[in-house]
Amino acid sequence: MNDATSASSAGHPAQRVVLSSDDIDRALTRIAFEIIEANKGTQDLVLLGIPRRGYPLAQRLAQKIAAAHPGFDARESLGQLDVTMFRDDLAHQPTRSPLPTQLPKSGLDGKVVVLVDDVLYSGRTIRAALDALVDLGRPRIVRLAVLVDRGHRELPIRADHVGKNLPTASSEKVRVHLSEVDSGENEVVIEAGA
């Protein structure tokens with residue numbers, strides 16, 4: 001997961017917008033329908049967002065699924081999964097305070113859990129999420145939905161639902177700006193590497 005800065009891409013010539021607010025909305029609508037189709041409805045479906053930007057994306061997906069499938073309770077099927085203490089790169093990352101893990105009242109046992117994150121890069125955040133899930137319950141199925149898959153995997157992890165495949169150079173940074181977390185526009189930008 002890449003942390004985004006709160007600055008807008010305006011005035012930064014080294015940045016280019018690759019997904020606008022409308023593009024993000026369309027991608028999430030498509031992912032919501034893919035999730036419903038893969039699950040053959042919404043029974044036993046739980047969305048777990050990975051902080052910081054995965055959780056607001058999971059909220060948006062839950063709302064879209066509820067709009068398309070009125071029997072789906074977006075509130076009761078949504079949670080947040082903090083993976084900070086399960087990461088294998090804590091010594092190499094800036095200090096980050098863990099955020100609360102919040103699970104649906106029904107728990108995770110026997111559920112179809114869709115992990116939601118903003119950017120899939122090395123795969124290490126998702127590996128940490130899978131380790132965290134083991135401590136919390138035993139889902140029947142675990143799937144992965146990401147807004148952006150930028151490649152450069154270090155672990156054998158693949159997303160089931162992808163908003164946009166975005167081939168990038170390793171030196172580039174993908175920044176996701178969401179109104180729930182960042183001030184400014186909803187957008188995805190690529191910053192040129194140093």
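In what order do the 5 strands of the open sheet with parallel pairing stand? The order is 3-2-4-5-6. This is a predicted model, in which local features need pLDDT of at least 70 and side-chain atom pairs count only at pLDDT 80 or more, while totals for chains, interfaces and linings use all residues. Residues are numbered from 1 along each chain as its sequence is written, and side-chain values use heavy atoms, with hydrogens and water left out. Helices (H or I, at least four residues) and strands (E, at least two) are DSSP runs, numbered from the N terminus.

**The parallel sheet**

- Strands of a sheet pair through backbone hydrogen bonds, either parallel or antiparallel; two strands are said to pair if DSSP finds at least two bridges between them.
- In the open sheet of 5 strands, strand 3 (78-80) and strand 6 (161-165) stand at the edges with a single partner strand each, so one side of each has no neighbour in the sheet.
- Neighbouring strands of this sheet are turned by 25° against each other on average, direction ignored.
- Strand 5 (residues 141-149) pairs with strand 6 in the parallel sense over 4 bridges, and V148 stands opposite K164 in strand 6.
- Helix 1 packs on this sheet, touching strand 2 (45-49), strand 4 (112-120), strand 5 and strand 6; contact means heavy atoms within 4.5 Å.
- The direction of helix 1 makes about 150° with that of strand 6, where angles run from 0 to 180 degrees between N-to-C directions and axes are lines fitted to C-alpha atoms, for helices over the stretch in contact.

- Strand 7 and strand 8 (residues 187-191) run antiparallel and are joined by 5 bridges; R175 has V189 in strand 8 as its bridge partner.

**The packing of helix 1 and helix 2**

- Two packed helices are described by the angle between their axes and the distance between the axes.
- Helix 1 (residues 21-39) and helix 2 (residues 54-68) pack at an angle of about 60°, with their axes 9 Å apart.
- The two helices are therefore oblique to each other: angles under 35 degrees count as roughly parallel, over 145 as roughly antiparallel, 65 to 115 as roughly perpendicular and the rest as oblique.
- Residues of helix 1 in this contact include I24, L28 and F33, and those of helix 2 include L57, L61 and I65.
- By class, the contact has 11 nonpolar, 1 polar and 3 charged residues; Ala, Val, Leu, Ile, Met, Phe, Trp, Tyr, Cys and Pro count as nonpolar, Asp, Glu, Lys and Arg as charged, and the others, Gly among them, as polar.

**Residues in the loops**

- R140 lies in the loop between helix 3 (124-136) and strand 5.
- R140 and D44 are 96 residues apart in sequence and 9.2 Å apart in space, C-alpha to C-alpha.
- Not counting residues up to four places away in sequence, R140 touches D44, G110, K111 and V112.
- R52 is placed in the loop between strand 2 and helix 2, and the peptide bond from P51 to R52 is cis, with omega near 10°.
- K40, found in the loop between helix 1 and strand 2, has phi near 55°, a positive value in a residue other than glycine.
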